[in-house]
Amino acid sequence: MAENTSDAPVAGGTKEAGLLNRFDNPWLNWKFLTGAGIIGFIFFLIFLGNQLWDTELALAGASPLNMPPVGFTNWRNQEGIPEHPLGTENSGRDMLALLIVGTPRTIGVGAIAASVGMAVGILLGFLAGFVGGWVDDVVRLATDVTITIPSLLVLIVIQAVLPRIDLLTMALLISMFAWATPTRYIRAQVLSMRESGYVQMARLSGVPTRDIMYREIMPNLLPYLAASYIGNMTGAILSAVGLELLGFGPQRIPSLGVTIFWSIEAAALLRNMWWWWGIPTVILAVVFIALLLINLGLDEIANPRLRKAN
Amino acid sequence: MGSFSLNYLLRRLLVFFLTVWVAATLIFIIPRLAPGDPIQAMIARMTQFEGYVENADLIIEAWRKRFGLDDPLYVQYFRFIGNTLRLDLGYSMANFPATVYELVGRALPWTIGLVGIATFIFFTVGNLCGALLAWYRTPKWLKVLIPMSMTFTSVPPALFSLLLVYIFGFLIRVNNNPLFPQVGAYARGMAPEFTLEFFGSVLYHGFLPAMSIVLVTFGFWALGMRGMMVTIEGEDYMILAQAKGLKPFYVLYRYMIRNAILPQMTALAVSIGTLINGSVLVEIMFVYNGMGSLIYSGIANQDFGLIQGTSFILIVTSALAVLIIDLTYPLIDPRISLEGR
């Protein structure tokens, strides 16, 4: 992203020395490290919050209503109190507790959906790329169709007939669409790797196909798979937040999207209760930007040509 | 400028029709997976929600007849597919005499307009920024400025629209009026007509919704374009072009962007679905008169027919957009007509 920030100092040594320098590790990529650092820091804060803060305050009616964060006043001229440093919302949930409870839930939905999607993607991608023929045709058609359909619309139709669902069900529903992009991506990579010298060599040496897939190709694909997983997670969190913004989400213990939905429903914008919608929004935005940075970093780790550009 | 090979054309059409069929089938199956009689359940929920449903028996009768719930399942299925493909989407239960087709017909142009214009902007600006990021003659300050403008890349459009509404609708005020309107697709009390004034109002109201899509999206295209440009810079024909003494702008445009834009077109086709997802939510945030707001009203009123119909038409629209992009692709990349793909 930032063209001006050269990779050279981070990767160790000048460009000429780069080839010889054994500290020129592609994993020391500033985008990857920044993104991973932000996510790590968020999880550290969540861990700290769970130790130090009463998460029961995230339940309705646990606190006074509509309190502003410390140092601000709300429209009734109430001052923020230290018992609720980030304020409270209109059913008496403490914002800090909401964030501590809600953030991991939001990221968790993405992680579960992305993992399921990724597992299916690896299976189908390798199958299509390796077996070829009609299997490849079917997988490609299914992938193209799934990618074309805006997943949110089908999920809305499903959720409109289902009663309230929990986060796990929501994650599994989202994963119904989360396999297509990894499948397409992995298939393309497998196709290009299949023709490379070391795979030809292995095949000539009589290595069984399964071993070629998992022992020869898979390790080389790891950075690609990681990038694809992060991209997939971003997409899954996006779907989950989308559904939650529409009011389909767990109600008792909320996630970030649900909190924003409630704030919109309660006209928090008009009442200038910025802490209610604003803080979860900013946290989600930071999570998305961090995931993008990790994704870009992994891309550069996987693809030396992109690295060279910095 | 090649013509497409038959194989390419047939495959694209197959994907299009399969998508439409899958969407229709999903929409047929999903309500039947829910426990109980779908129509009774819907009426019950409407009653619970509104306390009292006007014309309830009429609605039940209309829906029973439409679904023919006493027929065998496969008969129901084929009738449903037939109806759906003829765009007979039934009645909207919340606005009973109105059909879903009428409501969708009014909303769809707004969504296509919003998404179309936003796509045009982020695709142009994004690719241009990406090309400039990789080009060796780009001024230094631009190479600093462009990445900075890409900070919000990958933030969900709906969340970004919340921020924009707050900043331009509440924080920044001119004579105690918001800088930009936060609600609707045109000024309240205006009738849609082909006048300059109405057109201006549409642009004014559409600015923030379009920006909430553009500002979080164009960075992806800039990054993709930059990656392609970097690859192309190493090609032999680039050295030849420079050796021939071609003007740098000519090389940039004809040799680099022309080649780098091709994978971007493919990526655009792939991203249409995500784009529609995002714009549905942005429309809801801005109470824009498009399909997103229509779906939202369907959700709020428990109007299942409306949700189904709107979703189906939006899926068909996005499949159509993908088809159009795929079919224009051979026109900009003559190589496609040669290989079967």
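S154(B) is buried, with 22 other C-beta atoms within 10 Å; a residue counts as buried if 20 or more other C-beta atoms lie within 10 Å of its own, exposed if 12 or fewer, and partly exposed in between, with C-beta atoms placed from the backbone. The residue sits in the loop between α6 and α7 of chain B, where helices (H or I, at least four residues) and strands (E, at least two) are DSSP runs numbered from the N terminus. Most residues other than glycine have a negative phi.

The model is a predicted one, in which local features need pLDDT of at least 70, side-chain atom pairs count only at pLDDT 80 or more, and totals for chains, interfaces and linings use all residues. Residues are numbered from 1 along each chain as its sequence is written, while chains are lettered from A and ligands numbered from 1 in the order in which they are written.

V287(B) lies in the loop between α10 and α11.

Chain B as a whole comprises 13 helices and 2 strands, and 40% of its 341 residues count as buried. Of the contacts in chain B with a separation of 6 or more, residues 24 or more positions apart account for 72%; two residues are in contact if their C-beta atoms, placed from the backbone, lie within 7 Å. The chain is divided into domain 1 (1–94 + 301–341) and domain 2 (113–297), with bounds that come from an automatic or database domain assignment. Between these domains, 15 residues of domain 1 are in contact with 11 residues of domain 2. The domain 1 side of that contact has 9 nonpolar, 4 polar and 2 charged residues. In this classification Ala, Val, Leu, Ile, Met, Phe, Trp, Tyr, Cys and Pro count as nonpolar, Asp, Glu, Lys and Arg as charged, and the others, Gly among them, as polar.

One helix pair of chain B can be followed in detail. Two packed helices are described by the angle between their axes and the distance between the axes. For α5(B) and α12(B), the angle is about 45° and the axes are 10 Å apart; axes are lines fitted to C-alpha atoms, for helices over the stretch in contact, and angles run from 0 to 180 degrees between N-to-C directions. The two helices are therefore oblique to each other, given that angles under 35 degrees count as roughly parallel, over 145 as roughly antiparallel, 65 to 115 as roughly perpendicular and the rest as oblique. The crossing of α5(B) and α12(B) is right-handed, that is, the near helix is turned clockwise from the far one by less than a right angle. On the α5(B) side, V100(B), L103(B), V104(B), L108(B) and I112(B) take part, and they meet G305(B), L306(B), G309(B), T310(B), I313(B) and T317(B) of α12(B). By class, the residues of this contact divide into 7 nonpolar, 4 polar and no charged.

Within α5 of chain B, L103(B) is buried, with 23 other C-beta atoms within 10 Å. Neighbours within four places in sequence aside, L103(B) is in contact with S92(B), N95(B), A98(B), L294(B) and L306(B). Y91(B) is 12 residues from L103(B) in sequence and 9.7 Å from it in space, C-alpha to C-alpha.

Turning to the other chain, chain A has 13 helices and 0 strands. Its C-alpha atoms fill a box of roughly 75 × 55 × 30 Å along the principal axes, and 47% of its 310 residues count as buried. Helix α9 (residues 197–204) of chain A is hardly covered, with 0 buried residues among its 8. Just after α9(A), G206(A) takes a positive phi of about 80°. In helix α10 (residues 209–245) of chain A lies G235(A), which is buried, with 24 other C-beta atoms within 10 Å. G235(A) and Y224(A) are 11 residues apart in sequence and 16 Å apart in space, C-alpha to C-alpha.

Finally, the chains meet through 49 residues of chain B in contact with 41 residues of chain A. Elements giving two or more residues to the chain B side include α1 (6–33), α5 (100–134) and α12 (304–332). That side has 38 nonpolar, 10 polar and 1 charged residues.
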